[in-house]
Amino acid sequence: MDAKQLAKETFENVVGKIAEKAAKLAEPPVPGAPAPEPPALEEPTEPREPLPPRPDQGAPAARTATGNDTGADPTTRAQHQAYLTTSTGARLPDTDHSLKAGERGPTLLQDHHLREKITHFDHERIPERVVHARGAGAHGVFVGYGTADTVCKAAFLGEGVETPTFVRFSTVLGSRGSMDTARDTRGFATKFYTTEGNFDLVGNNIPVFFIQDGIKFPDVIHAGKPHPDREIPQAQSAHDTFWDFVSLHTEAQHHTLWNMSDRGIPRSYRMMEGFGVHTFRVQNADGATSLVKFHWKPRLGVHSLTWEEAQLLGGLDPDFHRRDLYDAIESGAYPAWELGLQVFPDEEAQLFDGIDLLDPTKIVPEELAPVQPVGMMVLTANPTNFFAETEQVAFHVGHLVPGIDATDDPLVQARLFSYVDTQLTRLGGPNFNQIPVNRPHTEVNDMLRDGFHQHAVHTGVAPYRPNSLDGGCPFHADGDLEGVFEHLPAKVAAGT
Ligand code: HEM
């Protein structure tokens, strides 16, 4: 079967399944309705169970903090009580009046409910991402065509293999509340919950980057962010500090031209390409390696806004791209992308047709190395809770699976450090991979222990290797290395 036929069948298969699910709903969803059932005209006073999530919403799978399948309905993680309680489950008669000495006060410190309510509220905010703060997410499914088998053994690329995904689209420069239609690069980050561990493809909608070496990332971002004295302009790339930097830094010109082209103001997240940007090293089942670049091709084609449209929309509806994504999914118009690979021989020089494959400021024209389709992703559900899912999702270019590895591209090398480092602060400690949206769908046995917000309750006494007290567990993979992640060796050029 050719790739086109496979793509068509895959899309129809996924959409068919979702349509079946939708048909089982008692009433068809009304796009844009704020709640799953119409509100009563009278003020609700009779206690009743909370409403279920809306039909367009999905949630992270019900895995334990250690990746085990609980088999539970993911909504059991939500609050389900008809009655108000404290955070430790004691039922409360009133949350409208603080406890006072006498009728007028003062308020008593003894009121633990008041203190708990105010204290928790005081700590509701976490730092926004240092870049890509403004974003929108969705759940989806990826289906492999099997066409990548010749170059990559990763299980999720196998023919007909279905892998759940979570995608976050973003702008780079603006704050969390900035407008969607700003002229900027867009992030396109995908978490694949594969049977071999999580694989994150943390890409952009532009195939090149401003800099060749990650050590310059703080410089380009400082230049692109609002001016430090007056903190303007918000979410804009074309301004004095940005022009100052890129005019003095010629390797930024390629990305700058893409930014200033129509690609800088997409019509919709559903109508953007995605690019892994870096070259990755992949390995097939026979051990042969190749170099590849990842591409997402939107089923709806690539479309842009005009500058005037973007400006007007920024004022009229700063949430334009978010709303477009949510509304499309809610109404069953599921966005889809085909994943493709540009494949290059893994030679010592790491060049293709004279183009340096380790230089992220260069593209390899698709006329020279055509993008070969390897699978299709369809986004099928909106998040149930923005903070829990879209805000707490933690992508990392180092989340790799057997058969895929990074290269010596000095930009990706810096990224391999940066993501975990920033997430330690952003998500408040080292256990953020235990947050539901980040949990892998495979068993975890990492010997990492303790730390803030530890959710796992580990057994045993010997979280170290070698040990005899815990029967020697956990063991290294040995013998059959199928499904085992190994760094793919590459020759390092001799120094001069
Ligand atoms: C050395 C260069 C780079 C560094 C140091 C860097 C660093 C970062 C940091 C610190 C974040 C915030 C992560 C978080 O708080 O969870 C981030 C987000 C992101 N970066 Fe990079 N980045 C670099 C280059 C790139 C490149 C080349 C791409 C695209 C190929 C990219 C795509 C993204 C995306 C899509 C996000 C948002 C992820 C999300 O939606 O949560 N970055 N980056």
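Residues are numbered from 1 along each chain as its sequence is written. Because the model is predicted, local features need pLDDT of at least 70 and side-chain atom pairs count only at pLDDT 80 or more, while totals for chains, interfaces and linings use all residues.

Two strands pair if DSSP finds at least two bridges between them; β3 and β4 pair in the antiparallel sense over 7 bridges, with T165 standing opposite F192 in β4. β4 and β5 also pair in the antiparallel sense, over 8 bridges, and Y193 stands opposite N198 in β5. These two strands, β4 and β5, form a hairpin with 2 residues between them.

Of the 27 residues around the ligand, H132, R168, G187, G214 and V277 come nearest, where a residue is near a molecule or strand if its C-beta atom, placed from the backbone, lies within 6 Å of it. By class, the shell has 13 nonpolar, 10 polar and 4 charged residues, with Ala, Val, Leu, Ile, Met, Phe, Trp, Tyr, Cys and Pro counted as nonpolar, Asp, Glu, Lys and Arg as charged, and the others, Gly among them, as polar.

Next comes a helix pair. Helix α3 (residues 217–224) and helix α4 (residues 240–248) pack at an angle of about 145°, with their axes 7 Å apart; axes are lines fitted to C-alpha atoms, for helices over the stretch in contact, and angles run from 0 to 180 degrees between N-to-C directions. D219, V220, A223 and G224 in α3 meet T241, F242, D244 and F245 in α4, two residues being in contact if their C-beta atoms, placed from the backbone, lie within 7 Å. The residues of this contact divide into 4 nonpolar, 2 polar and 2 charged. In α3, V220, A223 and G224 are buried. Seen down the axis of α3, its buried residues fall within an arc of 95°, so they line one face of the helix, the arc being that of the directions from the helix axis to the C-beta atoms. What covers these buried residues includes α4, while P218 and H222, on the other side of α3, are exposed.

Two loop residues complete the tour. Y269, in the loop between α5 (253–260) and β6 (274–275), is buried because 27 other C-beta atoms lie within 10 Å. Leaving aside its neighbours within four places in sequence, Y269 is in contact with A136, F169, H321, D324 and L325. N68, in the loop between β1 (57–58) and α2 (112–122), counts as partly exposed, with 14 C-beta neighbours inside 10 Å.

Technical notes. Helices (H or I, at least four residues) and strands (E, at least two) are DSSP runs, numbered from the N terminus. A residue is buried if 20 or more other C-beta atoms lie within 10 Å of its own, exposed if 12 or fewer, and partly exposed in between; C-beta atoms are placed from the backbone.
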